[in-house]
Amino acid sequence: MSRRTLALGTALVLGLLACQEELTVRGSCPDLCPGGTPVVEDIVLPVLPGSDTSHVGYISHAGIPALLVSNGIAAGEARAWYRFEARPDTVFTDEGYKPYTIDSVALTVPLVVRDTLVKDLRVYLHRVSYGIDTTVTFEGLDTLLVEGSLIDSIAVHDTLRRGTLRLVLSGDALSRVELPAEDSGRLAVGVRVAADQPTGVRLGSTLSSVGAATFLTYIRTDVADTSRRRQTLTMPTVANGYLKVPDRVTGPDLLYLGGLPSARALLRFRIPQVIRDSAIPIRATLELEPAEPLRGLRSDFTAIQARGVGADFGAKSSPDLLFLQSPSLQAEGQEVVSIDVLSIVESWRGPRGRPQVIYLSLEPEGGSFHEPVFHSSRSPSGGPRIRITYVLPPRVERP
Amino acid sequence: MRRVALLSAGFVLLARSAAGQSSEFGVRALGLPSLPVSVRSHGAGGGFALFDAESPVNPASLVFVGRPTATFTLLHSWRTSENPFGRATGNDTQFPLFFAAGLIGRRMVGSVSASVYTDRTFALALEDTLTLRGEEVVVYDTLFSRGGVSDLRVAAAYSVSSRLAVGLGLHLLTGSNRFDSRRRHSDSTYAPVRVVNELSFAGLGLSVGAVLQPTRSLQLAGFLRLDGDLQIEKDTADLGELNLPRTMGGGLQWAPTRRLLAAGHVITQSWSRLDGDLKDRGGVGAVNTTRLGGGLEWLRDGTNPARFPVRLGVRFDELPFPPSEGVGAGRERAVSLGTGFRFAGGRGSLDLALERVWRDEGGFRERALALKLGVGVRP
């Protein structure tokens, strides 16, 4: 055999092996469908009766991610307060501790969320007793926020969605933030808001990403180094809090989320054996029926997060880090809240399936006007349920 | 002994990869049956299948093995498939036959081979509209299937006299059918689905055959094959058994001149033995089949007959498994041509066959062009 023939034969073999297979033919079930028509089923699975509960006490005043302040909205009245670090009466210079003269002061307040449809928003800062702490009541704080205690107000531009609000005081106005010796240089302010219509805002707290309010004092000292004569004393917030009334609706027949201290809920289900061992869920939706209209702040993102748990220890169950989230709750809405929980339901399948529990919490927890309340299995109707759509696997053994 | 063990292990592995060709007529039941013929015989419409030593059909034909031989076959087919749901073109590469034989003494020849018994390689694309949660959702299904039943044969032939040879073959039916079902939805809130299953097969069979040469120019051959029940498992679950058909065939080979050889055969298979079982399992049943094949080989060079002979053939097959409910089982017609040559002093061979195939039944039609390449080694 010539080399040419051998090369031709080799090329032919390699060429055929290199061909990319294409096997697909169009078909239709059940005419040309050896496994039969795949069957899709839909099942609504109610929560196990009496097994759905809310537990309170997860986020306290010490852990709030934002401060709520409102005026006249259905979600409730809220007032906030900040307490700043003590301002020293001397400053340390190259020449030692020196007294200073105040030129001006500034209070900055981070605005996190506002309702952009509301015009003429003003944030009012009142001077309150430095002894204010988390034991104060709404009424106790609200009575302090009167004309006589007003430091000043900050007009929020209608186009500002979020950012830092700044109030500067100088001259005679400095007397409103004068810190007498008996207060040891400490300042606390109470916050309320007003606008052309009822509204609310979320302000930064010590735990929020944008930080809390700051008390700045611009001073002059009598030192030889002229570059050191003008300084700024920055006093951060050391404590903050908010109070909201009325308190959330509670009751043994209801499930509630959020609030302060915050509430979470556990829902327990039992999926049918067919889903546990062979059927393949393609969609699973948790449905929660509000027991009352969802009260909140327009434009304020609040969602319900659903998680699986590794072990069911009731209120002390450790939720997964990964979560599934509902769309943002609509203020004044009473529609059924739906959360896609397919990955949680999938984790319940198989011989080593995880506990059939859904763990619910609110985001942002402890810092939202929303305090949703849902029907439970103990309610006359409308308890939590999961709607599962699943496919029965094709019966390929069907010839 | 060690060589025999290694060879046997190798053939078991080869048997798992042996496959015929993809077809929409191979979707149902066990798929598309295949007659294991060499490339030489394939080029002549399978006409020489009962006389050709390298075609593991009639065990008695092994008696024509003159020296130790090993062959490997590659098949590539291009096809256009039509059915009531659409038209598609495709191609696939398969390895339908591995064969090895050697002399055991002066009158006996032994061989092992791995070939395709049935092939169920296909891919179906399906589209449907379902109402899910009150909304119409389009679903796109794809069902891939690969593999089928492979036939591992150990056979021997004995030359009783200069005019008569007999043969016996033991068949191990094995292999698997791997399914990969996928579904996606037009609405992405529904998760895609993927299910992978495997059907595995096991069975035994026995074949006997004879070749008789009543005159110098005429040979007659016949064989009978009895296969036992085919055990089927889905993953690890036992799905029971299927009766396999009885196969019998007869043929003649005639050499009118020194340079012309003609042969033909009739083979029948009682696939209807599966009919009840298949229907009980929700299938569309099975029917008996008859296969007719015939062809000729013209030796262009009388002094070197292996140098580019011309082979021509025609074939008519009935197919056993209807592709759909209410449709017949289908027919297959083919014309083929082939050639080949030997090299390295006859120690190596290369054979080529080209076959045009038509399959049809009801609204199902398929045209295919199959190129078969055989490489042989005779040390």
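The largest nonpolar core in this predicted model has 48 residues, and those with the most contacts inside it are Tyr82(A), Phe84(A), Leu107(A) and Leu203(A). Strand S7 of chain A, residues 96-114, gives the largest share of this core, namely seven residues. If we take Leu203(A) and set aside residues up to four places away in sequence, its contacts are Ala66(A), Leu67(A), Val69(A), Tyr82(A), Val109(A), Pro110(A), Leu111(A), Val112(A) and Val191(A). There is also a second, separate core, made of 32 residues, which includes Val47(A), Leu294(A), Val341(A) and Val345(A). As general background, in soluble globular proteins nonpolar side chains tend to be buried together.

Let me turn now to the interface. The contact draws 44 residues from chain A and 62 residues from chain B, and the area buried between the two chains is about 4600 Å², with carbon and sulfur atoms giving 64% of that area. Between chain A and chain B the count is one salt bridge, and in a salt bridge the side chain of Arg133(B) meets that of Asp42(A), at 3.9 Å from N to O. Seven residue pairs are found in polar contact across this interface, counting pairs with both residues at pLDDT 80 or more.

On the side of chain A that touches chain B, the elements that give two or more residues are helix H1 (3-18) and strands S1 (24-27), S2 (39-46), S17 (280-288) and S23 (385-392). The largest share of that side, six residues, comes from H1(A). By residue class, the side of chain A that touches chain B divides into 25 nonpolar, eight polar and eleven charged residues.

Conventions:
Residues are numbered from 1 along each chain as its sequence is written. Chains are lettered from A and ligands numbered from 1 in the order in which they are written. This is a predicted model: local features need pLDDT of at least 70, side-chain atom pairs count only at pLDDT 80 or more; totals for chains, interfaces and linings use all residues. Side-chain values use heavy atoms; hydrogens and water are left out. A nonpolar core is a set of buried Ala, Val, Leu, Ile, Met, Phe, Trp, Tyr and Cys residues joined through side-chain atoms within 4.5 Å. Buried means under 20% relative accessible area, exposed over 50%, partly exposed in between (1.4 Å probe, protein chains only). Helices (H or I, at least four residues) and strands (E, at least two) are DSSP runs, numbered from the N terminus. Contact means heavy atoms within 4.5 Å. Buried area is the accessible area (1.4 Å probe) that two parts lose on being put together, summed over both. A salt bridge is a side-chain nitrogen of Lys or Arg within 4 Å of a carboxyl oxygen of Asp or Glu. A polar contact is a pair of N or O atoms within 3.5 Å; within protein, one must be able to donate a hydrogen and the other to accept it, and residues adjacent in sequence count only if both atoms are side-chain atoms. Ala, Val, Leu, Ile, Met, Phe, Trp, Tyr, Cys and Pro count as nonpolar, Asp, Glu, Lys and Arg as charged, and the others, Gly among them, as polar.
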